[in-house]
Amino acid sequence: MRNRDLRRVPRGILLLGPPGTSKEHAARVLAGEANMTLVRLRYAHQIGEVTININQDGNSYERNLNAGLNFIRGIAPTVVFMDGIEQASPHTTMNPEEHDRILPSALVNAINDISLHGRVIWVGASQRPDLMPPIFRRYGIFDTKLIMLPPTSGGRVEILRIFCRGQASGNINFQSLVGDAETDGLTWRDLLLIVQRANNIARRSGRDTFTEGELRQSLNDFAPDYSREMQIFMGLLALREANSRMMVPDGLLPEYQEFVDGNRVDKTGINKRLMELSHQLGLRN
């Protein structure tokens, strides 16, 4: 973008992975590096730094979406971040075959508009890429896919250390807190919530900083939004979408690493494991 070499600029990017794996933060970093405005287009209520109401009523949704897309065109160049793209319409369905009929035509037309190439980068984020509307699989638009997975033990230690800066008192053994397999699966967002709760515990005692004991108390009390099996299911769905080894993290938890050998992603093995997890979780095929 900075060099205006539009041949190297993707029209769209997909950020795929379980919840809490910093997909929105990645979009913010992209916008910052490209020196572009970040706009958050959400099917529920927001566009970027301004708020545009997109009501649950279908007609109002279309009308407000058109206003939002005109806003995007007016402030381009911009990065448009669309979270939860499997829910891109207020009338979304769990049947991916029906998505072509329900995704608003104004949004489809804007994404397909080649005149916006180099002026708008569409960034879609999903925790269930198997339910994405077909436009997000259309050749030539969303060919770049960044796989976002939970951090390894070393990553968790460093993330927790950063979040605790200026908020913790005394020496904290971060390795003993989140460096073993028992905390595998904790995400960026999980670690942020744990630190926030430790801070709340300290403040109830009249202190501005928390101790390792209070951080451990918060960690032991924390319950993730999803079961470990469901998180692995969503992570493998993301990994199955990979079309570039460069877009897969170098550090992977064991449940993902077993399917990555060098530059090869074993998608047959992933499909087999997904079927097992689907049966275990009671999901329909």
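Two strands count as a pair when DSSP finds at least two bridges between them. With that in hand, let's look at this predicted model.

- What holds paired strands together in general? Strands of a sheet pair through backbone hydrogen bonds, and they can do that either parallel or antiparallel.

**Who pairs with whom**

- Strand S1 (residues 12–16) pairs with S5 in the parallel sense, over 4 bridges.
- S1 also pairs with S4, again in the parallel sense, over 5 bridges.
- Leu14 is a handy residue to look for: its bridge partner in S5 is Lys145, and in S4 it stands opposite Gly124.
- Strand S3 (residues 78–82) pairs with S4 too, in the parallel sense and over 5 bridges.
- Which residue in S4 is the bridge partner of Thr78? That's Val120.

**Strand S4, tucked inside**

- Why is strand S4 (residues 120–126) described as largely enclosed by the rest of the structure? Because 7 of its 7 residues are buried, where buried means under 20% relative accessible area.
- Both faces of S4 are covered. Val120, Trp122, Gly124 and Ser126 are buried on one side, while Ile121, Val123 and Ala125 are buried on the other.

- Helix H5 (residues 153–164) packs with helix H7 (residues 188–204) at an angle of about 40 degrees, and their axes are 10 Å apart.
- That angle makes H5 and H7 oblique to each other, because angles under 35 degrees would count as roughly parallel.
- The crossing of H5 past H7 is right-handed.
- To find where they meet, look at Arg156, Ile159, Leu160, Phe163 and Cys164 in H5, which meet Trp188, Leu191, Leu192 and Val195 in H7.

**The whole protein**

- Of the 285 residues in the protein, 47% are buried.
- Take the contacts with a separation of 6 or more: 73% of them involve residues 24 or more positions apart.

How values were computed. Residues are numbered from 1 along each chain as its sequence is written. This is a predicted model: local features need pLDDT of at least 70, side-chain atom pairs count only at pLDDT 80 or more; totals for chains, interfaces and linings use all residues. Side-chain values use heavy atoms; hydrogens and water are left out. Helices (H or I, at least four residues) and strands (E, at least two) are DSSP runs, numbered from the N terminus. Buried means under 20% relative accessible area, exposed over 50%, partly exposed in between (1.4 Å probe, protein chains only). Contact means heavy atoms within 4.5 Å. Axes are lines fitted to C-alpha atoms, for helices over the stretch in contact, and angles run from 0 to 180 degrees between N-to-C directions. Angles under 35 degrees count as roughly parallel, over 145 as roughly antiparallel, 65 to 115 as roughly perpendicular and the rest as oblique. A crossing is left-handed if the near helix is turned anticlockwise from the far one by less than a right angle, and right-handed if clockwise.
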